[in-house]
Structure formats: structure tokens, C-alpha cells
Amino acid sequence: MTFIAFVNRVLSWKRLLPLLFDIEKKVVNGTNLFDFQLSSNKLFGFSFAFTLPIKQSRFCFLKHKGKSFFSWLCFTVLLFFSPSYCDLQRPVLGGEERILHSTMLNGGDIVDNKCAVAGGVEDMYGEDSASRDQPVTPWTVSVASGYSLMRDPRHNKGLAFTEKERDAHYLRGLLPPAVLSQELQERKLMNNLRQYKVPLQRYMAMMDLQERNERLFYKLLIDNVEELLPVVYTPTVGEACQKYGSIFRRPQGLYISLKEKGKILEVLKNWPERSVQVIVVTDGERILGLGDLGCQGMGIPVGKLSLYTALGGVRPSACLPITIDVGTNNEKLLNDEFYIGLRQRRATGQEYAELLHEFMSAVKQNYGEKVLIQFEDFANHNAFELLARYSSSHLVFNDDIQGTASVVLAGVLAALRLLGGTLADHRFLFLGAGEAGTGIAELIALEMSKQTGNSVEENRKKIWLVDSKGLIVDSRKESLQHFKKPWAHDHEPVKELVDAVKAIKPTILIGTSGVGKQFTKEVIEAMASINEKPLIMALSNPTSQAECTAEEAYTWSEGRAIFASGSPFDPFEYDGKVFVPGQANNAYIFPGFGLGVIISGAIRVHDDMLLAASEALASQVTEEHYEKGLIYPPFSSIRKISANIAAKVASKAYELGLASHLPQPKDLIKYAESCMYSPVYRTYR
């Protein structure tokens, strides 16, 4: 607003202003200043004033004392006068706290639509409109200063606050005099973490760090991803979920229970962030291979979203973990005095469906249709139904079905370099016919169709599944669940896995059963007798539930197996050769996949986007990796991997007409990299 326009607006209020303010013009350093002093001080019981410089007409500076309702009325009038910005100062403990109001107030949240990270995540803090070296202002609704700044995990830097920042933000005396770099803080914390002998203690230490210094947490995780990934996610997160009630300190997401039925939209509005781009939600019924953990399954969404930020570069404020609590059938938890969820048996049927439908509708209403909803660790019967029901109306992704399928397909595609032949030349046998097993099988069949042109139905005949009752065959079709029926082939019944291996003669054995020690010595030896280089993938999590260990696979196959697992195993030496087990971890896929969806503004997830992610991951495996027996690239380069996956997923979304962010960037890899969140400390004004 120009000064002339401002004066015209003031003059239009000429009857009101003399009643409220004494207006005085003065010149300071060649700049015209207008002082507005509230004239009715005794009547309203407080003082109120602001000064407007002509050369800085977009800003007004105010001081007020007292808490009268009329002060807020006057403040509203002033916003009308100069709506661009307003800087309010009020006395607080440890200095003055400045409240900065933006051009657009969205339910009390400050949103500047002109500053947005590519992909639709609004730049709430002005960081993406400035280079990393430019100073930023540490504000959310208010500029944090003094004690409150050190208690804000988003802006706290601990002993890394500079001398200038300590003066500007009233931190003198609140911190020891030493000033440490972020790198030195990182070395100190890693040294401390390595002192812990119990993995759960490391997990708790990392969660404490996340709650007090967000940037340092992600810097630590990114720079030490291979060491810390097993700490913040599988396998340690499984134990954390089992003991979540005992270690619970501070809520890290939203808890939506049956008590909130009919009010879910209101609950979503309680979350302080409005620009949410990714939601990971669970109902806790099938946590990893540990079963029903009820409300304590929250550790999974929290862990997944930490990886979205660390590995995929999605801004932390754009991530929302949610647990839907419909009860639990776990008697141990129901009788646990420290259990934090509803103490009742699980709701099912219509009651469950109505709650989930209200949730899905509320999410779309509150955040729009471009928010990615990732279903996590739902039981089989609900996982397939939810994905089928909402895939056409919402942007949904099931990591257990689609994410696992994509990462396993990537491993298989990469392994073809070692096995020889095409995908269609191989025969597959799965132990486990749940959401993971059938999801992987379906994506493999789709990739075969893409390569050969044959129908999916024809390709399914090369893929066999074994469940708890034995080989899935035609004679069992009537009793099978609907998602297993496409995999029932013409064959005589086979009960035991080792007999199925001998009968089917697979070249690739994949375990998704969630039951440990199922790949016995007899099974591995049978695979080795059939194949020169059997591919064995023991994918169940956590480590205790793996179908076999890396040592067992290499030893029983006499060092000929190509091995990958869901949880990490240490390198193993056999007959003078060191084997490095691959890890078919979903963390390779979902962070990059999510970033690709965001930067393209995709409105739906298509199977071809999953195939693109698999192919992108497989292409990152080099000859150096193959020489070590690896079929996945090391996690040390995960951000580069995620950027490549994001670019391929976004490209496919544009090709399919599902992208809404137009025009398409010329170099999607560079574009993806430019959109990634950086945990490096910023300099504060």
C-alpha cells in the first residue's frame, strides 16, 4: 500500500481517528514519521501507539500494555489500515516477543502463498525464498525469543546459537558461554549414542533429541543413516511399540479414537500445521510381525515420517502421524496398567467402516485431495478393502502392499544381472500370502506384462504362494480369501514348504510370512540343489521374525545364495569370502515415492508409478555392489537414490496425466533435489 493510499484510508476514518489518537508528524534522519498516540488513555485503561515511516509504509510498529478487549479492536483497525504486515511488540519474560502477522490468516495460521516449496508445501518460514546463507526469522505465530526459543524444537540450536543471536534473542545467561558448531554437536551426540548398549535406549535418546532440536536430529540421521536407521526404525521400533506405554513421554501425532466419532474434522483442526502433505496412519492391528499392539502402534507412523524427512527430504511440518484407536484384542495390553489406548475389544464391521470413512472424508476436507495418505500395518482384511475403496477417490498408498512390492521387485530386477535371463524366465515361490506377499506377486506379474506383452493372468501362473495351510491350489479356491484366489493354480495339494520347493522348483524364494525360522536347512539346501545361484529373500520384520538369517542362507547354500532381508544383518565371511547381505527395506521406496507425488502434485497413485520407482531403484545398483553380492545400493547414498526415484515417479505422473503442478520441470532430478529439506542450522536475524 502506498503512503497516499494509506492517508486516503485514514481520512476516510477522520471522524473516528481524532477520538482515538493524537497524530503528530516529525522528521528523523530525513524520514517523515507519523506518531499515533491513543488519546483516551484514562477511559480505556491502557496506552497504545504506533509510528509509521513513509519510506517503510508496509510496516507499523506498535506497543501496548494491558489486556483490554478494546486493544484488540484497535489492532484490528490498524490491520485494516496497513494489511501487508504488522509488527507487534509486547513485554514478556526475557525480552520482547514480536508477533508477525502475514497477509493471509488461515484459521490463525500464517500462510504466504507466494512463498512455497515446489510440490505444494507452503514455505511457512520464508526459508525457501532465501538462500541457505541468508538469515531467517525464527517465527511460527510469534517470533521465538529467550527461554521459549530454546524450548521450540523447530528453532532451537542449543549451544550453536552465535554471540549475535544470543544478544538479539535474549539468550544471554540462559546458555553456557561456549559456542559449538552443528558438526561438533553431531560428533558429541554420536559418541553418546554409542555408549548405550541397549537399542531401545538409543531409540529413546533419538526421540528425545527430535523433541528438543529438530534440525540436529535430522542432520544426525542423514549423516549416519546406516548406523541409525535400525535405531529409529526396524528392528528397534518394534520393541519400542511393544513398550510404548512405558516409554511414552510426549505425543508426536494425532490420536483418533472411537470417542472422537462424529468430531474427527475438529480433531484434525487441533493439529497446529495446516500445510500437511503426507499422512501416515495405522490402526495398530498388525504391527510388523508382532501382531495387535493397538494404540501403541503410533511408533510406526512417527518412524516412517522421520524417514520421509531424512531420506526423502519432505519438510517435517508437512508430515502428520496418526493412530486410529478402535481398541485392541491383545489381552496383555488390556491388562497393562500403562497401556495408553482404549481398553476394549476391537471395533469391527459397520462401526469400524464408519469411523474410517469419516476419517478419510475429514482428511480430504481439511487438507485437500493432494495430501498423500499412507496406510500402515492394517490387518489383511482391512488393508485390501481400504486400498480398493479409496484408491479412486483419494491419494492413497499402502506401504505394506505397494511399498514392499516395489522394493522387492527392484531387488529382483537388480538380481537378474547375477541370475541371468529375463523376469519371465524365472519361477517364484512365496511363503506368506497376506498383503505383502500378494502385493509383491501382483507387481511382479505387472512388470512381466510390461516386458513381454502377455496378460497379467498368464504371468501369474509363474508365481506360486504358500500360506499356513500349504500351497495355494485350485482345490482350495472355495475356502480362500478373495485376495488369494488369483494365485490358486492347478496342482495337487502340498502341505510343507520344503515339499513345495521340490515340486515347483522355484529360482526365487521370498518370505513374507511374519514367522521366523521357516527357511530351514532343508529348504535352503533344496533351493541350492535346484539353482546355481538361488535368490533367497527373508523379508519378515523385525529380525526375530526373519525366515532365516544371512549366516544360515550363505552357509546352507555353500556360499552360492544371493540373499536379502527385511531387517539388517551384518556382513558374513564364508570360505574366505565376505558376503554383504542386502536389505529389502521399504525405506528405499516410500520417501522418494512420496517426494515424487508431492513435487508433481499427483492426485492419484497408479501402478505404473510403482513400477517406475522399482526400475529407478534397480538402476542405482552398480558393478561394485554386485561384486559384494548386493542387489540394493548402500543407504549412505539414499538421498541421491530418493531424488532419482522421485523424478521417475513424477515423470510417470505427468505422462499419465495425474500431475497437477504445471508445467513439468525440465530436469526433474535437479528439481527434486532442490525441493529437499535441509537440516543445516539457519542464521537468525
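I began with the open sheet, where seven strands stand in the order β18-β17-β16-β19-β20-β21-β24 with mixed pairing. The model I am reading is a predicted one.

Next I looked up the edges. They are β18 (470-471) and β24 (582-583); each has a single partner strand, so one side of each is left without a neighbour in the sheet. I then checked how β18 is held to β17 (residues 463-467): the two pair in the antiparallel sense over two bridges. For Val466, I found the bridge partner Leu471 in β18.

I turned to the helices on this sheet. Helix α19 (residues 435-452) packs on it, touching β16 (428-431) and β17, and its direction makes about 165° with that of β16. Helix α21 (residues 497-504) lies across β16, β17 and β18 and runs at about 170° to β16.

Is helix α24 (residues 590-600) enclosed or open? I noted that eleven of its eleven residues are buried, so α24 is largely enclosed by the rest of the structure. Among the buried residues I listed Phe590, Phe593, Leu595 and Ile598. After α24 comes Gly601, and I read its phi as positive, near 65°.

My last entry is a helix pair. The axes of α14 (residues 299-312) and α27 (residues 638-656) come within 8 Å and cross at roughly 95°. That makes α14 roughly perpendicular to α27. At the contact, I found Thr309, Ala310, Leu311 and Gly312 of α14 meeting Ile638, Arg639 and Ser642 of α27. I sorted these contact residues into three nonpolar, three polar and one charged.

Note on methods. Residues are numbered from 1 along each chain as its sequence is written. This is a predicted model: local features need pLDDT of at least 70, side-chain atom pairs count only at pLDDT 80 or more; totals for chains, interfaces and linings use all residues. Side-chain values use heavy atoms; hydrogens and water are left out. Two strands pair if DSSP finds at least two bridges between them. Helices (H or I, at least four residues) and strands (E, at least two) are DSSP runs, numbered from the N terminus. Contact means heavy atoms within 4.5 Å. Axes are lines fitted to C-alpha atoms, for helices over the stretch in contact, and angles run from 0 to 180 degrees between N-to-C directions. Buried means under 20% relative accessible area, exposed over 50%, partly exposed in between (1.4 Å probe, protein chains only). Angles under 35 degrees count as roughly parallel, over 145 as roughly antiparallel, 65 to 115 as roughly perpendicular and the rest as oblique. Ala, Val, Leu, Ile, Met, Phe, Trp, Tyr, Cys and Pro count as nonpolar, Asp, Glu, Lys and Arg as charged, and the others, Gly among them, as polar.
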